[in-house]
Amino acid sequence: MTRPVLAAVDIGGTKTAAALVRGGTVLVRTQAPTPATAGAAAVLDTAAELVRSLGGAPVAVGVGAPGLVDPATGRVTAATSSIREWSEVDVVAGLGVRLGLPGAVLNDGQAFTLGEAVHGAGRELPTVLGVAVGTGVGGGVLAAGRLLTGRHGAAGHLGHVPVPQAAGRPCPCGATGHVEAVASGPAMTAAYAARAGRPQAAASGLVTASGHAAGDLPEVVRRARAGDPDARAVLALAGEALGTALAGLANTLDPDAVVIGGGAAVAELLDALRPAFAAACLPVLGTVPLVPAALGTDAQLVGAAEAALRALPSRIDPAGPTRAAPTGVAASQVDAGLAGGRQQRSAGRRHRDGSAAAAPQRTVVR
């Protein structure tokens, strides 16, 4: 049986990527800047244009999206602040009316985990814990071959596991003491700035959720490798915190492997993570493999495509919420209902500013 071609979209705060995927292999991909300040409709316009630019004949579209996704409705609930009007957006309906395709949507960390568990470093393992360390700390859980979403879509949202290393530190979610407050890229950058006596830079690092502060992390890593004790201490604390959090989850889930990826999962962090993980695990679980992600930046796209495949009507094991593409409905009508709970606050606003989407950058993967 010929495997179907699926469209996949990875929406981020600064860029949106799209690809055609077959059997877990990216055939062709492209990307463009995310028009985050222009609002949800503009973001979905960009995503749809990227998919159309790839050509082909995909049978469905899968999306990895920032924020929590309600598994019952497919709407974004807890939304990222880096995309305007993203709360309560129905991503599947919005893309469905633009592309005429059925679809599925997952939180981006869950999409990462599904991609790596089914087609990457966790392939053929029944229970996989995934963690992606970047601007935030996300992840997911695949158990007995099924992605766990939980009642509210928060399953695997492991950046918000409390750890003692983060005690008293503010987390972007509004709470304190969560591992993301220590181990995310912006948190590490801000912690180094504070230790080095640059509190103003530290403050800006904590509030920049769009990824700008995370761009300074390579400098922190470079200084650590050059022997800077403050940089080394920051990366070591982040690794210890993440290792402690992952050990607690391993004690609960008994996974076959923990897959670790993301741009901030640097070697120094992993070096500190491994002993902290082993120390906090049950003795029988101390040998659970901690393996690097295998799919790189394609993980979310491959996972989104897998979610779309599992959600097709012929499949009986859906990985996430799905609905058929609306028929006979204009995109503007869907956009008008993108955020039902936000409708009164949004009265009079335009979802589109009339500006052309940035030219996509297309790459053929051979």
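Predicted model: local features only at pLDDT ≥ 70, side-chain atom pairs only at ≥ 80, totals over all residues.
Local features were taken only at pLDDT of at least 70 and side-chain atom pairs only at pLDDT 80 or more, whereas totals for chains, interfaces and linings use all residues. Residues are numbered from 1 along each chain as its sequence is written, and side-chain values use heavy atoms, with hydrogens and water left out.

Helices (H or I, at least four residues) and strands (E, at least two) are DSSP runs numbered from the N terminus. Five strands form an open sheet of mixed pairing in the order E8-E7-E6-E9-E10, where two strands are taken to pair if DSSP finds at least two bridges between them. The edges are strand E8 (146-148) and strand E10 (290-292), each of which pairs on one side only. From one strand to the next the twist averages 25 degrees. Strand E7 (residues 137-143) pairs with E8 in the antiparallel sense over three bridges, and Val141 stands opposite Leu148 in E8. Helix H8 packs on this sheet, where it touches strand E6 (128-133), E7 and strand E9 (257-261), and its direction makes about 160 degrees with that of E6; here axes are lines fitted to C-alpha atoms, for helices over the stretch in contact, and angles run from 0 to 180 degrees between N-to-C directions.

Two packed helices are described by the angle between their axes and the distance between the axes. Helix H5 (residues 185-195) packs against H8 at an angle of about 145 degrees, the axes being 9 Å apart, and passes H8 in a right-handed crossing (the near helix turned clockwise from the far one by less than a right angle; anticlockwise for left-handed). Met188, Ala191, Tyr192 and Arg195 of H5 make the contact with Asp230, Ala231, Ala233, Val234, Leu235 and Ala238 of H8, contact meaning heavy atoms within 4.5 Å. The residues of the contact of H5 with H8 comprise eight nonpolar, no polar and two charged, with Ala, Val, Leu, Ile, Met, Phe, Trp, Tyr, Cys and Pro counted as nonpolar, Asp, Glu, Lys and Arg as charged, and the others, Gly among them, as polar.

The side chains of Asp230 and Arg195 form a salt bridge (3.3 Å, N to O), defined as a side-chain nitrogen of Lys or Arg within 4 Å of a carboxyl oxygen of Asp or Glu. Asp230 lies in helix H8 and Arg195 in helix H5, so the pair ties together parts that are 35 residues apart in sequence. By this rule the count comes to ten salt bridges.

Helix H7 (residues 217-225) also packs with H8 (residues 229-253), at an angle of about 115 degrees and with the axes 7 Å apart. The two helices H7 and H8 are therefore roughly perpendicular, a term that covers angles of 65 to 115 degrees, and H7 passes H8 in a left-handed crossing. Leu217, Val220, Val221, Arg223 and Ala224 in H7 meet Ala231, Arg232 and Leu235 in H8; by class, this contact has six nonpolar, no polar and two charged residues.

The axes of helix H3 (residues 108-119) and helix H10 (residues 299-311) come within 7 Å and cross at roughly 85 degrees, which makes H3 roughly perpendicular to H10. Residues of the contact include Phe112 and Glu116 of H3 and Val302 and Arg310 of H10, and the contact of H3 with H10 divides into eight nonpolar, four polar and four charged residues.

Notes:
Parallel < 35°, antiparallel > 145°, perpendicular 65-115°, else oblique.
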